[in-house]
Amino acid sequence: MGNDQHLVQLKDIIKTYLPEDVPVGAIGEDSNFVKELNINSANLVDIVLDVEDAFGIRLENEDMDKMQTVRDALNIIAQKLRDKK
Amino acid sequence: MLIINDIIEKLPYTNPFLFVDKINMVSADAIEGCYSFKKDEFFYKGHFKEHPVTPGVILTECCAQIGLVCLGIHLLNTEELNTGNFQVALSSSEMQFLLPVFPQETVTVRSSKLFFRFNKLKCEVKMYNQQAQLVCKGVLSGMIKSSNI
C-alpha cells in the first residue's frame, strides 16, 4: 500500500473532525492540523486514535508532538508500519 | 499518590461553582463522588421563576467536575511524580436527562474511563439521586494536562 493510499485513508479520517468553515478540499500534505485546518487539540487526539485503529499501529507522546502537518502524520504512519514488519 | 480529599483541594473551582462535596472512591479506571445542592444555590432564583429546579447544564458540570476533573487529577498524579499546576478544558458533552433534581437533593456521580491518552480524558458518566434512581447519563470528554515545565 503506497503513500497515496495512506493519504486517501488519512483524509477520510480527518474530514470527520474538520470545523464547518473548513472544506475537505483544504486538506493537503502541507496542511497544518491546528493552524490551517483549525482542528483543536481534543479532536487531534481523536484523529490519532482513529489512525491507530485504521492502520493497526500505536503512537507515543513523542509522535504526537511531532505530528504538526498531514505529511508528518504520513511519515509517522509509514515509519510505524515499517517497524511492524 | 494523593489522598482522596487532596483531590478536591486541587480543584480549580470555588463557591458558587464548586459541585463536589466528597469523593467516595477513585481508581485508575473509575471514580465516584457526591454533591448536595444547597437550598440557596445562585441559579435557583432564575431557574425557574418561583419553581427551583437544578439546570441540566449544572448537572452536566457536576458530572464533569467529579467524573472528568477529579479523575483526571488522580490520573495525572499517578502518571507523573510532579503534582504541580494543571489546565483543564471540557471538549465535548453528550448527555441525557431523565429526572429533575430539586434543591437539597444529594446526587452521586459515577464515572468510568473510556480512555486517557495524549491528555484527553473521555468518560461515561452516570448521576443518581438519593433513591438510587438514574438522574442523567452521558459521555464527557476534556483535556487535562500539567502546566508546570
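**Figure 1. Overall fold of chain A.** Read along the sequence, chain A of this predicted model follows the pattern α-α-α-α. Chain A has four helices and zero strands. Its radius of gyration is 12 Å, close to the 12 Å that the globule rule gives for 85 residues, so chain A is as compact as a globular protein of that length. The C-alpha trace of chain A spans about 40 × 25 × 20 Å along its principal axes. Of the 85 residues in chain A, 25% are buried. Among contacts in chain A with a separation of 6 or more, 54% join residues 24 or more positions apart.

Figure 2. A:Asp63 is found in helix 3 of chain A. This residue counts as buried because 20 other C-beta atoms lie within 10 Å, and the cut-off for a buried residue is 20 or more. A:Ala73 is ten residues apart from A:Asp63 along the chain, and the C-alpha atoms of the two are separated by 8.6 Å.

**Figure 3. The contact between chains A and B.** Seven residues from chain A and six residues from chain B form the contact. On the side of chain A that touches chain B, helix 2 (41–55) and helix 3 (61–66) of chain A each supply at least two residues. Helix 2 of chain A gives the largest share of this side, five residues. By type, the residues on this side of chain A are five nonpolar, two polar and no charged.

**Figure 4. Helix 2 of chain B.** This helix covers residues 56–79; at 1.5 Å a residue, its 24 residues should span 34 Å, and the end C-alpha atoms are 33 Å apart, which agrees. Helix 2 of chain B bends by about 30° at B:Ala64. Of its 24 residues, 17 are buried, so helix 2 of chain B is largely enclosed by the rest of the structure.

Figure 5. In soluble globular proteins, nonpolar side chains tend to be buried together. The largest nonpolar core here has 31 residues, and those with the most contacts inside it are B:Leu59, B:Cys62, B:Cys63, B:Cys70 and B:Met127. Elements of chain B that give two or more residues to this core include strand 1 (22–26), strand 3 (86–97) and strand 6 (134–146). Helix 2 of chain B provides the largest share of this core, twelve residues. Leaving aside residues up to four places away in sequence, B:Cys70 touches B:Ile7, B:Val20, B:Ile23, B:Ile31, B:Gly33 and B:Gln65. A second, separate core of 19 residues includes A:Phe33, A:Val48, A:Leu59 and A:Ile77.

Terms used. Residues are numbered from 1 along each chain as its sequence is written. Chains are lettered from A and ligands numbered from 1 in the order in which they are written. This is a predicted model: local features need pLDDT of at least 70, side-chain atom pairs count only at pLDDT 80 or more; totals for chains, interfaces and linings use all residues. Two residues are in contact if their C-beta atoms, placed from the backbone, lie within 7 Å. Ala, Val, Leu, Ile, Met, Phe, Trp, Tyr, Cys and Pro count as nonpolar, Asp, Glu, Lys and Arg as charged, and the others, Gly among them, as polar. The expected span of a helix is 1.5 Å times one less than its number of residues. The bend at a residue is the angle between axes fitted to the seven residues ending there and the seven starting there. A residue is buried if 20 or more other C-beta atoms lie within 10 Å of its own, exposed if 12 or fewer, and partly exposed in between; C-beta atoms are placed from the backbone. A nonpolar core is a set of buried Ala, Val, Leu, Ile, Met, Phe, Trp, Tyr and Cys residues joined through C-beta atoms within 7 Å. The radius of gyration is taken over C-alpha atoms; the globule rule is 2.2 Å times the number of residues to the power 0.38.
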